[in-house]
Amino acid sequence: MAPVPISNINIGHIDDVQELRRTKPKTVPQRFVRDMTERPTFQTSLSLPNTNMPVIDFSKLSKGSKEELLNELYKLSTACEEWGFFQVINHEIDLNLMENIEEMSKEFFMLPLEEKQKYPMAPGTVQGYGQAFVFSEDQKLDWCNMFALGIEPHYVRNPNLWPKKPERLSETIELYSRNIRKLCQNLLKYIALGLNLEEDVFEKMFGEVVQAIRMNYYPTCSRPDLVLGLSPHSDGSALTVLQQAKGSPVGLQILKDNTWVPIEPIPNALVINIGDTIEVLTNRKYKSVEHRAVAHEEKDRLSIVTFYAPNYEIELGPMQEFVDEKHPCKYRRYNHGEYSKHYVTNKLQGKRTLDFAKMEIIK
């Protein structure tokens with residue numbers, strides 16, 4: 001079943017952060033100011049090394065020699081197991097298409113507020129323009145404007161939310177999403193091979209996949225040390241694909257060894273992360289990783305994120321290949337639609353939403 005809107009939510013007044021920056025550039029309303037324990041520090045945002053994030057050369061997987069394929073599969077499986085994140089270069093997605101969707105996404109966010117508000121994100125939903133995952137009037141808000149759309153299957157789409165301006169944005173989203181979908185299918189094939197599974201195991205298991213796209217715009221902030229661009233969370237997807245717009249500052253941080261590590265995307269690369277679905281299926285051999293976004297004082301940031309997940313009707317649980325005496329089953333079987341509903345109807349709070357599927361507290 002697909003997630004449905006929740007009625008009777010009182011979320012209070014939500015300031016549009018672009019309008020805040022335009023009209024009150026030095027003001028950070030209290031709803032955006034984080035508790036001391038949540039605030040990013042100068043050291044965690046700027047000073048830690050990020051050189052070790054694995055880089056996967058997709059061309060070696062898709063058309064390399066046997067030796068190159070085996071070496072890259074090993075790098076991929078190591079990246080999934082040790083990081084839960086990796087960057088993909090030579091991914092075969094047209095660079096002009098990537099540039100076009102960046103430019104048009106930026107154009108959309110630069111439209112007058114009244115134009116963007118024609119596509120409102122209703123409380124308890126994750127499609128449209130606004131802020132997602134807000135469920136109370138005292139909840140802290142992210143320093144971010146979002147525009148999100150359901151892509152596949154077609155029944156998840158809300159045609160009223162597909163923008164008429166910029167003129168070619170909708171058709172560009174369609175073309176871009178087809179290309180990203182193909183990349184996800186191929187990456188899951190290679191991830192399966194790295195796990196010594198049949199290469200089409202995930203494609204067969206997932207059925208008609210669910211795919212969504214979200215553009216995140218993070219305006220500059222006079223006090224980036226007080227706010228978060230996006231709250232810490234793991235993704236409910238199988239895979240997530242992030243494209244960061246050229247010229248954007250470092251904003252993505254991942255929780256690695258209990259430390260927030262900033263990630264600087266390689267030019268023209270895509271950042272991939274493992275979602276909760278793969279963590280459950282592999283019984284935590286591969287783990288979804290908490291990540292967040294931080295704001296910047298001098299530069300705005302744009303990212304385009306695709307979520308790729310199983311069909312809502314699919315029943316999921318740890319695969320038998322990953323359960324034995326040394327690795328007891330850590331998750332129950334559940335309906336992915338029920339999990340998705342649980343995910344989008346709770347605020348972003350680390351990996352808390354994955355408690356939905358746990359058999360017991362994992363240490």
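The legends below describe close-up views of a predicted model.

**View 1. The largest cavity and the residues closest to its centre.** In this predicted model the count comes to two cavities of 30 Å³ or more, and the largest cavity holds about 150 Å³ of space. Its lining is made up of 19 residues, of which L230, L242, L252, H291 and V305 are the closest to the centre. By residue class, the lining of the largest cavity divides into nine nonpolar, six polar and four charged residues.

**View 2. The strands that supply the lining of the largest cavity.** At least two lining residues come from each of β5 (210-218), β6 (230-233), β7 (239-244), β10 (270-274), β11 (291-293) and β12 (301-309). Among these contributors, β12 gives the most to the lining, with four residues.

**View 3. The aromatic pair of Y334 and Y339.** The model has eleven aromatic pairs, and one of them joins Y334 and Y339, whose ring centres lie 5.7 Å apart with 50° between the planes.

**View 4. An aromatic cluster.** The residues F108, F109, Y119, Y129, F147 and Y217 together form one aromatic cluster.

**View 5. A lysine over a tryptophan ring.** K256 lies over the face of W83, at a distance of 4.8 Å from the ring centre.

Definitions and conventions
Residues numbered from 1 in each chain as written. Predicted model: local features only at pLDDT ≥ 70, side-chain atom pairs only at ≥ 80, totals over all residues. Heavy atoms only, no water. 1 Å grid on protein atoms, 1.4 Å probe; cavity = no way out; pocket = protein on both sides within 12 Å on 5 of 7 lines; lining within 4 Å. Points joined across faces, edges and corners; volume = space filled by probe spheres on them. Nonpolar A, V, L, I, M, F, W, Y, C, P; charged D, E, K, R; others polar. Phe/Tyr/Trp six-rings, centres within 6.5 Å; stacked < 30°, edge-to-face > 60°. Lys NZ or Arg CZ within 6 Å of the ring centre and 35° of its normal.
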